[in-house]
Amino acid sequence: NVLPHYWRTMVVLLTSDGLSSPALQAEMQRQCAAVAAKAGGGIRMWYIPTAALHEGANSRVVASMSKQIADRFSISDVAVIDPEHVRHDELERQVAQLRPNVVYAEMGNTYALRHHLRNSGGDTLVHNAMRAGALFVGSSAGSIVAGRTVQTAFWKDWDDRTANGSIRVDWTDPKLAAGLDLANGRSFFPHANGQYARATWQKAQAERHGHTDHEVIILADGEGYLVDGDVGRCTTCLFSFLAPGPKGSGFVESRFATTVCRLQSFQN
C-alpha cells in the first residue's frame, strides 16, 4: 500500500487507559515538546469528552480531566469541545479558532464518540488537524475510534451500542462501524488484561466478528502504540498484534521486544 503524503508527518499516540504509565508519560512529554517546537512555543489541545460523558462523567469531571493533562504536559490552551452538542458550522468555527496542534479523545463509550464525530463533521476536522501536523492522542474508546473499525469493541461488548438509548446505528454494518483509520489500516483492542490477554480468546473474537482480514494491535493497560509518520512502535517493552496468517490459516499472534517497526513491514 502507498501511504498518503500527510502520513509522513502524522503522529498518533493510542493508549489502552490514558497516559497511565511512566513510559506513556515520557512519550507524551517528547511529543508535546516536538509540537511546541513546531508551533514556536504554544500547545493548543482540543479535548473531546464525548465518550466519557456517556459513561457517567459530567462536565465538571471532564474539565478536571482535561486540566490534569494540560498541567502535566505544559499545554497552554485547552478547549473542551463536545461534538455531540457543538456541531457543523459552530464546531468548525470553534476548532478553527483554537487551531489545535493536539487532539485528545477521551475514554468512555466508543459508539457515542464515533457517532457524534461523524454526525457533527468532527471526523473531518480531526483529519484536517492531522494533515496540518497535530498530534492525536486516544484513550481506550479514543484509540478504538482512531483505528480501522470500532467493531473491536464487540470483543468484550462492554459498551452500550445505543449509548443509553441516545443513538440508533447498525454497528454490524462495516461502513457505519468504520473508524478514523489513523494507523494505516490497523484496529485496536485496549484493556487486554486478565482473561482478555489470552491469545486464544483474542483469536476467537477476531474470527467470530470477521476481523481476520487486517491487523489488530493488542494493548494492555499501561501500554500504547505510537505512529510517527511511516513508523509504528510500542511505547512499552512488549506488545502484540493479531495479523492474518497464510491464506486459509486464520490469525497468528506476533510479539515484539522494544523495536521500531515500519508500518509497511506489517503489510501482506
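Let's start with the largest nonpolar core, which has 43 residues, and where Val12, Trp46, Val126 and Phe136 touch the most other members. By nonpolar core I mean buried Ala, Val, Leu, Ile, Met, Phe, Trp, Tyr and Cys residues joined through side-chain atoms within 4.5 Å. Buried is under 20% relative accessible area, exposed is over 50%, and partly exposed is in between, with a 1.4 Å probe and protein chains only. Take Phe136: leaving out residues up to four places away in sequence, its contacts include Val12, Val103, Val126, Met130 and Leu182, a contact being heavy atoms within 4.5 Å. Apart from that core lies another of 23 residues, with Val11, Ala36, Tyr47 and Val102 among them.

A quick word on what we're looking at: this is a predicted model, where local features need pLDDT of at least 70, side-chain atom pairs count only at pLDDT 80 or more, and totals for chains, interfaces and linings use all residues. Residues are numbered from 1 along each chain as its sequence is written, and side-chain values use heavy atoms, with hydrogens and water left out.

Zooming out, the chain has nine helices and 12 strands; these are DSSP runs, H or I of at least four residues for helices and E of at least two for strands, numbered from the N terminus. Of its 268 residues, 56% count as buried.

Seven of its 10 residues are buried, so α6 is largely enclosed by the rest of the structure. Val126 and Met130 are among those buried residues, and the cover over them includes β1 (11–15), β2 (44–48), α4 (88–98), β4 (102–105), α5 and β5 (135–139).

So how do α5 and α6 pack? Helix α5 (residues 110–120) meets helix α6 (residues 122–131) at about 85 degrees, and their axes are 5 Å apart. The two are therefore roughly perpendicular, a label for angles of 65 to 115 degrees. On the α5 side the contact uses Arg114, Leu117, Arg118 and Ser120, while α6 brings Gly122, Asp123 and Val126. Those residues divide into two nonpolar, two polar and three charged, where Asp, Glu, Lys and Arg are charged, Ala, Val, Leu, Ile, Met, Phe, Trp, Tyr, Cys and Pro are nonpolar, and the others, Gly among them, are polar.

Finally, the loop between these helices holds Gly121. At 24% relative accessibility, Gly121 counts as partly exposed. Not counting residues up to four places away in sequence, Gly121 touches His88 and Leu91.

Methods:
Axes fitted to C-alpha atoms, helices over the stretch in contact; angles between N-to-C directions. Parallel < 35°, antiparallel > 145°, perpendicular 65-115°, else oblique.
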